[in-house]
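Here is a short report on one helix and its surroundings. Look through the sequence and the model before reading on.

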Amino acid sequence: MVTGPFLILAALILVGAVAAVRMRNLVHCVLAVAVVFVGLAAAYLQLGAQFVGWAQMLIYVGAVAILLVFAVLLTRGGEVPERALFSPGWHWGVTIGAAVFALLAWAIRQSPAAHPPPAAPVQVTVEQIGTALMTHDVLALEVTGLLLTAALIGAVIIAMNDGGPQ
Amino acid sequence: MSGVDQLFVQLKHWALARCAGILPEAWQPLVSLLLSIIPLLVIFPTLFAAMVWMERKGLGRIQNRYGPNRVGPFGLLQPAADGIKALIKEDIVPRAADRVVHWLAPVLLVTTAFTVYAVLPFGRNMVVVDLEAGLLFFFAVGTVAELVVFMAGWSSRNKYALLGAMRAVAQMISYEIPLVLSTVTVVMIAGTLSLPQIVLAQSPASGWWPAWFVFTPWGAAGFVLFLIAANAEANRSPFDLPEGESEIIAGYFIEYSGFKFALFFLGEYLSLFAVSALGVTLFLGGWHAPYVVGEWVPSWVWFFLKLLAVLALFIWTRGTLPRLRQDQLMNFAWKFMIPMTLINVVIAALWHWIGSGPVRWLVCSALVIGAYSLLGRGLMRAGRWMPRTYRFAE
């Protein structure tokens with residue numbers, strides 16, 4: 001389970017996550033988050049989930065990180081603050097975070113799903129994922145697809161009525 | 001197949017067998033990978049040099065001038081001169097720049113541009129890795145370029161660079177959607193995401209009509225949409241607003257000089273080659289000949305001929321079309337390209353569902369032409385073309 005590549009990836013993800021919180025410059029934080037996304041994608045690939053890994057890379061690095069960049073630049077957050085970013089009550093945040101993590105970790109350890117009977121490792125192909133999406137999980141796929149298409153068309157319609165000459 | 005066709009594959013096997021006697025067993029995969037990668041690292045930068053020369057000559061001819069004609073015969077040594085010039089120039093980094101990010105941007109751009117070549121099939125049995133989700137890999141790695149462009153523009157601490165980066169990111173993210181959606185049709189019909197498998201799906205049949213995907217209604221529409229989106233992704237004219245010289249000087253790489261600038265140049269052309277090669281693979285039959293008779297020509301010759309044809313198309317487009325305005329660019333992406341690609345997905349589904357026969361040709365062609373004319377008319381009406389009025393700042 002704990003192999004060399006996994007340790008390297010875990011270190012990369014943790015360093016990136018800490019950097020994303022600790023960096024002073026917001027743009028540096030966004031870049032650190034992008035490193036975390038790449039690390040997570042690599043972790044999926046290391047588990048043999050090719051489709052999930054590349055999809056993670058495509059969606060999170062290609063879209064979510066860019067969205068964060070836009071948010072930072074459009075809110076004029078790109079300037080470096082004079083002093084540290086931490087608010088006085090930061091230790092409360094750490095305590096609550098640690099408590100939530102402990103609770104989740106405990107729940108996962110207790111769950112029977114965490115200790116499955118040892119099964120032969122299956123190689124899931126993209127074709128199997130596609131078949132599952134089209135047969136067993138077709139309703140979820142259709143609902144998601146409808147929602148996303150509606151959002152896309154909605155965005156176009158909002159842009160279409162720009163209220164005449166300005 | 002014939003010996004010439006598999007020449008490079010045989011050569012690699014021969015070299016690997018020679019190495020097996022000298023190197024330990026554990027090194028075999030590494031040597032095998034290196035033998036596949038090093039030719040790519042040689043061929044595509046060479047193609048870059050040739051392409052720059054062809055482009056400057058071609059643009060020169062279109063603009064009624066000679067183009068480079070001083071260095072070597074027909075200016076053929078111009079790329080070498082440019083390379084030496086870039087190498088011996090001073091590397092200037094602005095004092096206010098973010099040094100690490102400023103340095104990282106060109107390096108990451110070239111690295112990712114080379115990485116996508118891993119899944120492209122250049123000939124029969126000539127692919128570095130046959131990934132099952134190859135197409136997804138191509139787009140996943142390609143999206144890093146957006147972040148890199150932003151890194152370059154932001155770290156320069158220059159308003160033109162930042163403006164150029166914002167324009168580039170907005171443009172690339174808008175055209176990424178039609179780019180991916182136009183390839184979805186091919187995935188639907190071929191039933192696979194692996195690029196070598198997609199090429200096999202276009203093997204020449206015995207009939208008189210080639211089996212390339214571009215020779216179907218949805219494929220023709222998809223190929224044109226793909227080329228337009230690829231042109232925009234590569235930030236080339238008429239979509240070169242991010243680096244528009246007359247407006248924002250050179251956009252996001254204004255503060256790059258010397259070899260870093262050359263790396264940006266290299267990275268841009270490498271991604272252009274990669275996306276053209278992807279277009280060839282998806283729509284133009286990859287390394288296949290159109291007919292069985294043409295199969296005696298080696299597969300890699302077919303591939304590179306098609307690649308050069310697509311690149312010539314890009315040069316032609318760059319020489320003849322004027323630059324768009326920012327609002328026209330966005331309108332075109334969101335009000336024409338995306339609806340058209342979505343309709344094309346439905347058309348491809350119909351094509352698959354109706355089954356072979358003249359009916360599907362009639363229905364799908366009518367749908368493509370109808371959708372094109374309706375959307376185009378809508379775009380023209382939304383444009384409200386009228387004489388332009390200019391306002392000057394007081």
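## What the helix packs against

The buried residues of α2(A) pack against α1 (4-22) and α3 (50-74) of chain A together with α6 of chain B. A residue is buried if 20 or more other C-beta atoms lie within 10 Å of its own, exposed if 12 or fewer, and partly exposed in between, with C-beta atoms placed from the backbone. Contact here means that two such C-beta atoms lie within 7 Å. Helices (H or I, at least four residues) and strands (E, at least two) are DSSP runs, numbered from the N terminus.

This is a predicted model: local features need pLDDT of at least 70, side-chain atom pairs count only at pLDDT 80 or more, and totals for chains, interfaces and linings use all residues. Residues are numbered from 1 along each chain as its sequence is written, while chains are lettered from A and ligands numbered from 1 in the order in which they are written.

## The helix itself

Helix α2 of chain A covers residues 26-46. Its 21 residues reach 30 Å from first C-alpha to last, close to the 30 Å expected at 1.5 Å a residue (1.5 Å times one less than the number of residues). Its buried residues include A:Leu26, A:Val30, A:Phe37 and A:Ala41.

A:Leu47 is found in the loop between α2 and α3 of chain A. A:Leu47 is exposed, because 11 other C-beta atoms lie within 10 Å. The C-alpha atoms of A:Leu47 and A:Phe6 are separated by 9.3 Å, though 41 residues apart along the chain. Just after α2(A), A:Gly48 takes a positive phi of about 90°.

α2(A) and α3(A) pack at an angle of about 170°, with their axes 8 Å apart. Axes are lines fitted to C-alpha atoms, for helices over the stretch in contact, and angles run from 0 to 180 degrees between N-to-C directions. So α2(A) is roughly antiparallel to α3(A) (over 145 degrees). By class, their contact has 19 nonpolar, three polar and no charged residues. Ala, Val, Leu, Ile, Met, Phe, Trp, Tyr, Cys and Pro count as nonpolar, Asp, Glu, Lys and Arg as charged, and the others, Gly among them, as polar.

## Where the chains meet

The contact takes 21 residues from chain B and 20 residues from chain A. On the side of chain B that touches chain A, α6(B) gives the most, with six residues. That side has 16 nonpolar, one polar and four charged residues.

Terms used. Angles under 35 degrees count as roughly parallel, over 145 as roughly antiparallel, 65 to 115 as roughly perpendicular and the rest as oblique.
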